[in-house]
Amino acid sequence: MALVPAYEPESAQLQQLRRDVRGFLAEQLAAAKFVPEVDTWLRGWDLEFTAALAERGWLGMTIPREYGGHGRSFAERFVVTEELLAAGAPVAAHWIADRQAAPSLLKFGTEAQKQRYLPGITAGQVFWAIGMSEPDAGSDLASVRTRATRVDGGWRVSGTKVWTSGAHLAHAFFMLARTEPASSENRHAGLSQFIVPLDSRGITVSPILSMDGAHHFNEVHFDEVFVPDEMVLGTVGDGWHQVTSELSYERSGPERFLSTYQLLAGLVDAAKSGEVVRHSDLGAHIARVAGLHRMSSAVASALERGEQVASAAAVVKVIGTSGEGDIAELADRIVGRDGPEALRALADRAVVQRPGFTLRGGTSEVLRGVIAREMGLR
């Protein structure tokens, strides 16, 4: 069985959509609305740019019309997001809500939850974060210690989440907590998901600063936070199944191989002009990005068909995020300290971000285990 679904060539409609997005981005750049950057789906928080995308119908594309969305295909959304990332556009504000929260709400949410959040996500007015990782737990989600205890009308939650991107600016997040004690036979049992407004009483959001002083990560602490029953996502006790389904959206998208695309494009231009030395690895990286485009697009089509893509998503993420880091390392070497100033600055920011590429969304070691199990090697 193939780990990654077959690639389907783009239709004329998708090609026209791609041209439309490129035209919009050219207008935005000409008007100095943004400066192309690396890792913009994490660092590029720009409410004006998000509003411009919403105005053009490029947010909530796969959300059904009855919930305020546009009822378009995963393939169409893929084209839009790929072009935005390749351009280094600032998409962080809406990224997690549009990529992850919306499909999870559609799959597991109640009618009231869908009506409450999906129209705002489409309008670029509701922003989301993800509450999975915890101190000392690494990528082992089954070891989470945040606890939700049953009380009258809902749950009391206590615990801590870390590396929560954008929590200081987001409105709500999905939070994974243990609602039953862990079992030695099945560590994945007894986990549940909740929708938690981040302005709830008892929540403290503290910044985790990057090496360059940037603030996009956070620690979120819960001190007996009340979550009403209507904010349970899906089924109590089925959190593990829901989270692994959700991670397929997180791991397989073009953000897993395009975070340093602007740097690669800059290296190619500088090599053509003779500002940096030509290097054989540039061709290898271009080929890798082209291959990952096909792989990621194929996973998007499989998601459209409702297929299980956890292993395929893991393949895209492992290969893609290692490639992003390799581009940062290559740029650091061949640009040097005396290379073009703008390219040097871009390389410096990519190098700072590099450790996170292979960690966020699951470490490469964990994901190799997922792939090995699919292949029957474990």
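1. Basis of the model. The model is predicted, so local features are reported only at pLDDT of at least 70 and side-chain atom pairs only at pLDDT 80 or more, while totals for chains, interfaces and linings use all residues. Residues are numbered from 1 along each chain as its sequence is written, and side-chain values use heavy atoms, with hydrogens and water left out.

2. Domains. The protein chain is divided into domain 1 (12-126), domain 2 (130-237) and domain 3 (252-375); these bounds come from an automatic or database domain assignment. Between the C-alpha centres of domain 1 and domain 3 the distance is 21 Å. In domain 1, 20 residues are in contact with 22 residues of domain 3, contact being defined as heavy atoms within 4.5 Å.

3. Cavities. Three cavities of 30 Å³ or more are found in a search of the whole structure. A cavity is here a set of points, on a 1 Å grid over the protein atoms alone, where a 1.4 Å probe fits but cannot get out, and its lining residues have an atom within 4 Å of a point. Grid points are joined across faces, edges and corners, and a volume is the space filled by probe spheres set on the points. The largest cavity has a volume of about 190 Å³.

4. Lining of the largest cavity. Sixteen residues line the largest cavity, and those nearest its centre are Phe 74, Arg 77, Tyr 249, Gly 253 and Leu 303. At least two lining residues come from each of α4 (74-86), α5 (92-108) and α9 (280-304), and α4 gives the most, with four residues. Helices (H or I, at least four residues) and strands (E, at least two) are DSSP runs, numbered from the N terminus. Domain 1 (12-126) and domain 3 (252-375) each provide at least three residues of this lining. By class, the lining has seven nonpolar, five polar and four charged residues; Ala, Val, Leu, Ile, Met, Phe, Trp, Tyr, Cys and Pro count as nonpolar, Asp, Glu, Lys and Arg as charged, and the others, Gly among them, as polar.

5. Side chains of opposite charge can pair when their charged atoms come close. A salt bridge is taken as a side-chain nitrogen of Lys or Arg within 4 Å of a carboxyl oxygen of Asp or Glu, and the count by this rule is 23. One of the pairs joins the side chains of Arg 18 and Glu 83, at 2.6 Å from N to O. Arg 18 lies in helix α1 (residues 12-30) and Glu 83 in helix α4, so the pair ties together parts that are 65 residues apart in sequence. Arg 18 and Glu 83 are both buried; buried means under 20% relative accessible area, exposed over 50% and partly exposed in between (1.4 Å probe, protein chains only).

6. Partly exposed pairs. Asp 212 and Arg 43 form a salt bridge in which the closest N and O atoms are 3.3 Å apart. This pair links distant parts of the chain, 169 residues apart: Asp 212 is in the loop between β6 (203-209) and β7 (215-228), and Arg 43 is in helix α2 (residues 40-43). Asp 212 counts as partly exposed at 37% relative accessibility, as does Arg 43 at 26%.

7. Asp 281 forms a salt bridge with Arg 333, with 4.0 Å between the closest N and O atoms. Asp 281 in helix α9 and Arg 333 in helix α10 (residues 310-335) are 52 residues apart. Asp 281 is partly exposed at 31% relative accessibility, and Arg 333 is partly exposed with a relative accessible area of 46%. A network of salt bridges links Asp 281, Arg 288, Asp 326, Glu 329, Arg 333 and Arg 354.

8. Gln 28 is found in helix α1 and is buried, with a relative accessible area of 11%. Leaving aside residues up to four places away in sequence, Gln 28 touches Lys 33, Phe 34 and Phe 49. Ala 52 lies in helix α3 (residues 47-55) and counts as buried at 12% relative accessibility.

9. Positive phi values. Ala 32 is not a glycine, yet its phi is positive, at about 55°. Ala 32 sits in the loop between α1 and α2 and is exposed, with a relative accessible area of 64%. Trp 163, also a residue other than glycine, has a positive phi near 60° and is placed in the loop between β3 (154-161) and β4 (172-178).

Note on methods:
1 Å grid on protein atoms, 1.4 Å probe; cavity = no way out; pocket = protein on both sides within 12 Å on 5 of 7 lines; lining within 4 Å.
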